[in-house]
Amino acid sequence: MTKPNFALKTLAAALLAGGFCQGALACTTIIAGRNATADGSVLVARLEDYTYNNHAKRFVVVPPQTYKDGDKLSFDNGVSVPAPKAGLRYTAMRDWNGDQRGALGPWSEFGANEAGVILSATNSTEPNDKAAKADPLVADEGGVIEAILPDLILPQAKTAREGVELLGKYVETLGAGETNGIQIADDKEAWLFEIGSGHHWIAVRVPDDGYVVMANGMRVHDADLNDKANVLSSAGIAEFAEKHQLLDKVDPAKFNFAKAFGIVGDAYNVDREWLVQSKLEPGRKQDIRQQQYPFYTKPEKPISVEQVAAILRIDNYAGTPLDGKKPAGDQKQRPIAMERNVEAHILQVRPQMPKGLQVLSWQSLGNVRDGLLLPYYLESLRNTPRVFQQGSDDFDEHSAWWTFRSLTSLAHANDKQYMPLLHGWRDRLEGSLRAAQPAQDDMLKTLAQKDGEVARAAAERFSNGTALWALDQAGVLRANILTDLTKSTEQNYSAEELEKIKHL
């Protein structure tokens, strides 16, 4: 019997609307511009951490929709907005219980639509007391919240900028029920969108040659509000900050959104920001636990998917100045990777690929520290294997999420023996997939020159076929570990005792 968890989420949403810390829903994000990556892609990577381990994700494709005048996009939390004439097809990584009444929304977390727009939502953040009082979050039904974001924007946005403008309009008119960081990108640009209060927001375009890291504190600062090509925001945001004294000095050319609306300097967040910047720029020497780190910087070397994956899997601060540095109070030190990570994704939008094949995702089910990042051509998908659409908070042997997640649990039965086995298996499979990816891209480009639909279908077969192959490999590994575990419990008998047992 399943045990619905949406009641907990409803309670969490109510607490967050009241200004409570959102650290329990913590995530870490890396965004990089196309000139900052090794292959020229626009890159967005994020971990989705949950409040506990047992929370299956379902990977689905939402088909295109045709709407008539008066139709609405409506959600369980009360949001209802006019539907577009044509709703775009998009992928979604959904909570297992997002379709149940009281869940607030589908909780799709990330996806890509057929126009090549990607959206990842969210990094939960916390408003400061002044901002929350001056412009309260929308506690009643009808506000913009994490549970509805991909399904609100991806059916409509044909470009990243259009997605930013659309989301901004909804925050200003409907209000926001939470403060969040959202990532929106296409083949030309990537944006970090931050909601700071009930109706105020800012979005900054990540420079092509730079990258941004975000934990669970608002990050935008030194933003030029007059630079409309790269900075968009709610109307009158500088005047609002000045009126309510959210900053000692309001400078529209160097607007500190994070300080005006958020809480800066929290070790829970800045430790991760420091760590990521130290990995991507080992030559940059920065003091630990600063109030704010540079909003964006340039990596020392072009950023690769392999490098980002390694960063997302860091689960301690060993060998760094933060090793053993406990935060103040009862707070525990927060690493990047955590046991309660339920999925992770590295999304690439690649301008060099034909339209319809540009979005390549590397995504894991379960704990990414121990799990396998699999490649998908998201724009090509019309469906996903049924086993990837199954699972709840109870173990399900037919669920892909549970097959991958259970490997971590089994390995914990003997960390010393099984974790190296699991990580070696993961690294071999991922290495093989990454090595084959350029040849796969070349094959699809050649096909696309002759017939775009043939290329699309081939990309879909590759994506779903690779996923099923990896699932089969995971099943083999799980069987091997279980076999060894069972043998390990055998009692040691003397030769005389064993001979007697054989003849009983």
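Reader: Why does arginine 369 count as buried?

Author: In this predicted model, arginine 369 has a relative accessibility of 13%, and buried means under 20%, so arginine 369 counts as buried.

Reader: How do you know that the side chains of glutamate 339 and arginine 369 meet in a salt bridge?

Author: The N to O distance between these side chains is 2.9 Å, and a salt bridge asks for a side-chain nitrogen of Lys or Arg within 4 Å of a carboxyl oxygen of Asp or Glu, so the pair of glutamate 339 and arginine 369 qualifies. Glutamate 339 lies in the loop between α8 and β16, while arginine 369 lies in the loop between β17 and β18, so their contact ties together parts that are 30 residues apart in sequence.

Reader: Which residues do salt bridges with shared partners join into one network?

Author: That network consists of Arg34, Arg161, Glu189, Arg205 and Asp208, and the structure holds 27 salt bridges.

Reader: Why is the contact between aspartate 208 and arginine 34 called a salt bridge?

Author: Their side chains meet at 3.7 Å, N to O, and the cut-off is within 4 Å, so the name applies to aspartate 208 and arginine 34. Aspartate 208 sits in the loop between β13 and β14 and arginine 34 in the loop between β1 and β2, so the pair ties together parts that are 174 residues apart in sequence. Arginine 34, with a relative accessibility of 29%, counts as partly exposed.

Reader: What is the N to O distance in the salt bridge of lysine 57 and aspartate 95, and are the two residues buried or exposed?

Author: The distance is 2.5 Å, N to O, and both lysine 57 and aspartate 95 are buried. Lysine 57 belongs to strand β3 and aspartate 95 to strand β8, so this pair ties together parts that are 38 residues apart in sequence.

Reader: Why does isoleucine 501 count as partly exposed?

Author: Isoleucine 501, which is placed in helix α12, has a relative accessibility of 37%, and buried means under 20% while exposed means over 50%, so isoleucine 501 counts as partly exposed. Together with Tyr493, Leu498 and Leu504, Ile501 makes a nonpolar surface patch of about 420 Å².

Key:
Residues are numbered from 1 along each chain as its sequence is written. This is a predicted model: local features need pLDDT of at least 70, side-chain atom pairs count only at pLDDT 80 or more; totals for chains, interfaces and linings use all residues. Side-chain values use heavy atoms; hydrogens and water are left out. Patches are made of residues with over 30% relative accessible area and no salt bridge: like charges are joined within 9 Å, nonpolar side chains (Val, Leu, Ile, Met, Phe, Trp, Tyr) within 5 Å. Accessible areas come from the Shrake-Rupley method with a 1.4 Å probe; for residues, only the protein chains shown count as cover. Helices (H or I, at least four residues) and strands (E, at least two) are DSSP runs, numbered from the N terminus. Buried means under 20% relative accessible area, exposed over 50%, partly exposed in between (1.4 Å probe, protein chains only).
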